[in-house]
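Please open the model in your viewer, with residue selection and distance tools to hand. The tour below goes from the whole chain to single residues.

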Amino acid sequence: EFGTSVQESAKLSTNVRDISIVTATSLEDTSKLVGLFTQTQGLTGEQAENLLISTTALANANNVAPDKVLADVANNTEAFAKFAQDGGENILRAAVQARKLGLDLDKVANVSNNLLDFQSSLNNEITASVMIGRDLNLQKARELALSNDIEGAMAEVVKQVGSEAEFNKLNALERQALADAVGLQVGDLQKLVNK
């Protein structure tokens with residue numbers, strides 16, 4: 001039995017090294033990720049490897065740097081612990097989406113956390129709606145965040161924020177109110193609408 005666990009550890013170490021090379025992610029981040037997926041999500045080393053490699057392909061398909069995406073996840077274990085489901089694939093997809101929007105996973109997780117602070121979120125939504133002169137409706141985004149679908153919540157936020165042209169017409173106070181409503185800094189909101 002001891003010999004089997006040593007063999008499994010050696011195989012996992014080789015897998016971590018190979019994943020690090022294939023994904024161009026640091027060995028430290030790769031180790032963290034494999035540990036997250038195997039210890040908290042119950043995946044095997046091979047399943048974790050396949051998930052990280054498929055995420056690399058997804059990142060490349062979306063023209064974002066896979067190593068940045070994977071580093072975001074490795075460095076945001078709190079967001080992972082709070083929102084991960086279905087083996088953690090939802091977090092990896094959200095990290096790719098975040099990078100595509102010019103943000104990182106931490107900022108997207110903050111948006112979800114903000115949406116889940118229902119009282120503040122509703123107050124900020126009403127304030128922003130009055131100030132910008134159009135109705136925001138973040139209810140669907142809140143529902144998605146509550147069900148750990150941070151990718152879907154972020155897509156709904158993007159839909160509610162409006163276009164770059166609409167954003168550019170807002171004054172400084174209106175931009176701040178809109179940023180507060182979705183849980184971002186104004187500069188990050190600007191990145192989001194530009195994408």
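What follows is a series of selections, each with a description of what is there.

**Before selecting anything**

This is a predicted model, in which local features need pLDDT of at least 70 and side-chain atom pairs count only at pLDDT 80 or more, while totals for chains, interfaces and linings use all residues. Residues are numbered from 1 along each chain as its sequence is written, and side-chain values use heavy atoms, with hydrogens and water left out.

**The whole chain**

Show the protein chain as a cartoon: it has 13 helices and zero strands, where helices (H or I, at least four residues) and strands (E, at least two) are DSSP runs numbered from the N terminus. Taken along the principal axes, the box filled by the C-alpha atoms of the protein chain is roughly 70 × 30 × 20 Å. Of its 195 residues, 45% count as buried, a term that stands for under 20% relative accessible area, with exposed meaning over 50% and partly exposed in between (1.4 Å probe, protein chains only). Among the contacts in the protein chain with a separation of 6 or more, 63% come from residues 24 or more positions apart, contact meaning heavy atoms within 4.5 Å.

**Helices α3 and α4**

Two packed helices are described by the angle between their axes and the distance between the axes. Select residues 45–61, which form helix α3, and residues 66–74, which form helix α4; their axes come within 8 Å and cross at roughly 125 degrees. That angle makes α3 oblique to α4, given that angles under 35 degrees count as roughly parallel, over 145 as roughly antiparallel, 65 to 115 as roughly perpendicular and the rest as oblique. The axes are lines fitted to C-alpha atoms, for helices over the stretch in contact, and angles run from 0 to 180 degrees between N-to-C directions.

The crossing of α3 past α4 is right-handed; the near helix is turned from the far one by less than a right angle, clockwise for right-handed and anticlockwise for left-handed. To see the contact, show side chains for Leu 52, Thr 55, Thr 56, Ala 59 and Asn 60 on α3, together with Pro 66, Val 69 and Leu 70 on α4. The residues of this contact divide into five nonpolar, three polar and no charged, where Ala, Val, Leu, Ile, Met, Phe, Trp, Tyr, Cys and Pro count as nonpolar, Asp, Glu, Lys and Arg as charged, and the others, Gly among them, as polar.

Stay with α4 and colour by accessibility: seven of its nine residues are buried, so α4 is largely enclosed by the rest of the structure. The buried residues of α4 are Pro 66, Val 69, Leu 70, Ala 71, Asp 72, Val 73 and Ala 74.

Next centre on Ala 59 in helix α3, which is buried with a relative accessible area of 0%. Not counting residues up to four places away in sequence, Ala 59 touches Val 64, Pro 66, Val 69 and Val 96.

Glu 49 is also found in helix α3, and at 18% relative accessibility this residue counts as buried. With residues up to four places away in sequence left out, Glu 49 touches Asn 15 and Ile 19. A distance line from the C-alpha atom of Glu 49 to that of Asp 86, 37 residues apart along the chain, spans 15 Å.

**An aromatic pair**

Rings of Phe, Tyr and Trp (its six-membered ring) pair if their centres lie within 6.5 Å, and planes under 30 degrees apart count as stacked, over 60 as edge-to-face and the rest as tilted. By this rule there is one aromatic pair. Select Phe 37 and Phe 80: the ring centres are 5.3 Å apart and the planes stand at 90 degrees, so the pair is edge-to-face. Phe 37 lies in helix α2 (residues 27–40) and Phe 80 in helix α5 (residues 77–83), so the pair ties together parts that are 43 residues apart in sequence. Phe 37 is buried at 0% relative accessibility, and Phe 80 is buried at 2%.

Move on to Ser 112 in helix α7 (residues 105–116), which counts as buried at 1% relative accessibility. Beyond its neighbours within four places in sequence, Ser 112 is in contact with Phe 83, Ala 145, Ile 150 and Ala 153.

Finish at Ala 141 in helix α9 (residues 139–146), which is buried at 0% relative accessibility. Its contacts, leaving aside neighbours within four places in sequence, are Leu 115, Ala 153, Glu 156 and Val 157.
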